[in-house]
Amino acid sequence: MRKYYLEDGSKILVDDSKPIGSGGEGSVFKLAKNPNILVKVYNDRALMRMPDIEPKIKAMVSKKPALLEYNGLTIIAWPSYVIYDEQKKFVGYLMRRVQAKNQLSHVITPGLQAKKFPNITWYDRLVIAINLAKVMSFLHKNDTVIGDINTSDFFVYPAFEIGVVDTDSFQVSSEQRLFHCKVFTPDYTPPEVIEAKKRTTQEVKRIPNHDNYGLAILIFQILMMGVHPFSARIKGILGFDGNAINYNMENEIFPYFTKNSNIIPPKNAMPFSFFPKHLQDLFIRAFEKNTNVINRPTADEWVNGLRKVKDNIKKCKRHKAHYYPNHFQKCPICAKEQTKDYDYLLEHFKTISKKYVKYETSDKPIIVDENHSYDETLVSKSYTLKNSKKLAIFFHPKMIEKYHLDQRIEVHVALKSYQKMKQYFLPPEDIIYDSGKTRVIGYVSPAREPLYKLQNFFKNNRLGKLKITEKTKWIVARNIASMFSVLEKYETHIEINQIFVDKNLNVFVPDVVLMGTPDQKFKSMSFQKEEYLPQEYYLMLKYQAYQREIQAQIDLEKEKERKRLEAIRQKDLDLIKSPFEKEKEKKQKALEEKEAKVIELKPEKEVIDFEFEKSHDALIEKEPEEEKVEVPLKFESFDINSKQSIRFTLAVIIFMILNDEHPFRGTYKLAHKNISFFVENNYFIHKGFVPGAEIIERSKLIETFPNYYQKTLKNALYLKDPLKIHRPSPSEWHGVLSKMIFESKKCDTNEYHFYHQSMTKCPHCYTKEPKDHEQVRRFVRENKRGIIHHMIFANKILNYSTLAGILLGVLYVVNRYSFSNLDQMLSDINFLDKIETLKNFIRYDDIIGFFRNLFNGLKNLYDSIFGGA
């Protein structure tokens, strides 16, 4: 037995014969007279290493949470009293004992679970997960952060209540200071904390959001029968069956929700579709890479989400110990017991999952078919409703708080936004809430065709699985011009990544939630703002910079005037000072000069004959020239929703559709420049308009398009007079594109190639290197109808006429002379050499090829008409 003392001097006896547990900090013993009370005694090394442990324990004792026991069970082993040794030296604290014998790891680890909890069901796992979240929620509400989350600090009672130990490592605060959590377990610590630990030696202030990360991992492991959420198979990085937990956590790669096809969950995992959609959303919010980490689900959100599953759980008819979520029609756990092949289960779960899930709305509940998504946009995913053609639009979890989508959609529904533009915008009809109606998760939308992202046109020239032609792009561009006629009328600005197309080539803006609200409470969202800013924006910036410079000069003049007046005032003060005061100041100044050490750099005795040469200009005194300040044009404001800005955006989008790139993405003097550089300097970088500027290689040249398209594009992208801006209207673009569609020609050799009739040959077929702009321009000069094309055609006619004249001359000579004299004459004049020279001059081979192709073409035409008869 060993004696210890409480703060009031009371003596306690501790059974130190056999500690209950020992570690690097110290040991835990039972109280002699009450085994349900424990004493933690720190060793000397721990006390030296943790100088602030005594004030921390005292702060915790004075700040006991209300929930320490529940139905006679200890829930939180919180310090209750501070204990001292006989010299009144701090040695540890006294706490209640958590009577549970099994750690949370005995539930999570399959081998230990089979021994400690052999009859545990998935329903019991839900209860454990809910109770764990409840305990953590209670701690967070009491201004406490666990910090070091791990499976050994949580104990599970037989009825699945949760007990917490090692509370002295928690982060707590008192009125005077904050006591940090100085330890962490990498497998349960968020990446931002680990990154901060690497950057600095100072302790990181933990927040409940850090605990939310570890809580989500524990809940995932409990419900997934021990599988860590970041465990995965990674092809080509750590081996096909490699354990990639650390790699995935560091790079924030959630294997169940990643676009990287090389990263897949382990074979012993349940498919992610085992969880209902609302649980999937919670896990995605917790683990997906996101700069807005505040969006992780709280402990209360987990309680509500898990309780919703528990209240609607289904029991297997074949196996009484099998419980599973109610979105399945058959027991998925039975399928899991039959095979551990993840890939098979992934497909099998699609066949046995329930098709309809109930959601709350502001009006009445709706039933949503969640088995297959209808389509996906920038911030949402769509599903169909049961017995209705309407759609349920669910926001991506990480987007809701980041862009305030819940508040934006409520305003749109209340004000009935964009009702006058239904052909392009699908106004929301109702709001969808989570189970407790505490959170907006989406909205109900009118029926429409499945949509495809317009930007996919540039990547693979496909509309879904269908390959599209150049003419299809022209039609889509014309439809966008029609949409912009409406947008211009209502002063609404959009970007290309917000535009989607259905299979009939109709254009839509499905994410109405990103648009500005009529009451101006929310502005339109912008994701690619720099790419759609016209010259007026940069003119405004120049004018604002000029104004700031002028204001700085005015302030400088004011400061000079202030100093001048101050000098005059000081001079006046000197005049009214008494002679004695002046004499006193003079003596003080002389004394200071005398005390100051004078350092002089005297020249050497030897005089060196050295003198710099002076230029002729230096001999002439010049008056300094006044620096000319360029006065920029007066642009005091800029509105992205103005008519001319919308027209500029339309021109950019049309160019990106038809030419596969941004019209201002290029090089200047062989150096790549930003889009803003060309727009700010008003450089039209096409057709050699600006010396040294060239469009980027992967862009199609505008020279392959008709002249009226080139002229309209230049009028839209280049400002002739910034004071009189008049860009082509959407209706003008509609007329240009309609004319191009009408005058388009289909290539004879490739059914996907369309080109304008001004070209005599298909530029897509005959251009071997489309990225070689000089080769393309050479092809255009030779094959585009115009002055040059007519000159080349006239040259061919002249060649044909010359050949015909020569043939007539040969016939005349043959008829005039006999064969014996003819041979001698031909030999005398070197006729054969001259014939070869003539052939080369008149391009004889090209002429023969032309007639041969003409003959073959006529023959093919004859065969196609008469069937070769």
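Predicted model: local features only at pLDDT ≥ 70, side-chain atom pairs only at ≥ 80, totals over all residues.
Phe866 belongs to helix α29, which covers residues 844-866.

Two helix pairs were examined. Helix α5 (residues 122-141) packs with helix α7 (residues 208-223) at an angle of about 170°. Their axes are 9 Å apart. Angles over 145 degrees count as roughly antiparallel, and α5 and α7 are therefore roughly antiparallel to each other. On the α5 side, the contact is made by Trp122, Arg125, Leu126, Ile128, Ala129, Leu132, Ala133, Met136 and His140. Helix α7 contributes Pro208, Asp211, Asn212, Leu215, Leu218, Ile219, Gln221, Ile222 and Leu223.

The second pair is helix α9 (residues 277-287) and helix α10 (residues 299-311). Their axes come within 10 Å and cross at roughly 155°. Helices α9 and α10 are therefore also roughly antiparallel to each other. Their crossing is left-handed. Residues His278, Leu279, Leu282, Phe283 and Arg285 of α9 make the contact with Glu301, Trp302, Gly305, Leu306, Lys308 and Val309 of α10.

The loop between α9 and α10 holds Arg296. This residue forms a salt bridge with Glu192. The closest N and O atoms of the pair are 2.7 Å apart. Glu192 sits in helix α6 (residues 191-199). Side chains of opposite charge can pair when their charged atoms come close. The model has 32 salt bridges, with a cut-off of 4 Å between side-chain nitrogen and carboxyl oxygen.

How values were computed:
Residues numbered from 1 in each chain as written. Heavy atoms only, no water. Helix = DSSP H or I, 4+ residues; strand = E, 2+ residues; numbered from the N terminus. Axes fitted to C-alpha atoms, helices over the stretch in contact; angles between N-to-C directions. Parallel < 35°, antiparallel > 145°, perpendicular 65-115°, else oblique. Left-handed = near helix turned anticlockwise from the far one by under 90°. Contact = heavy atoms within 4.5 Å.
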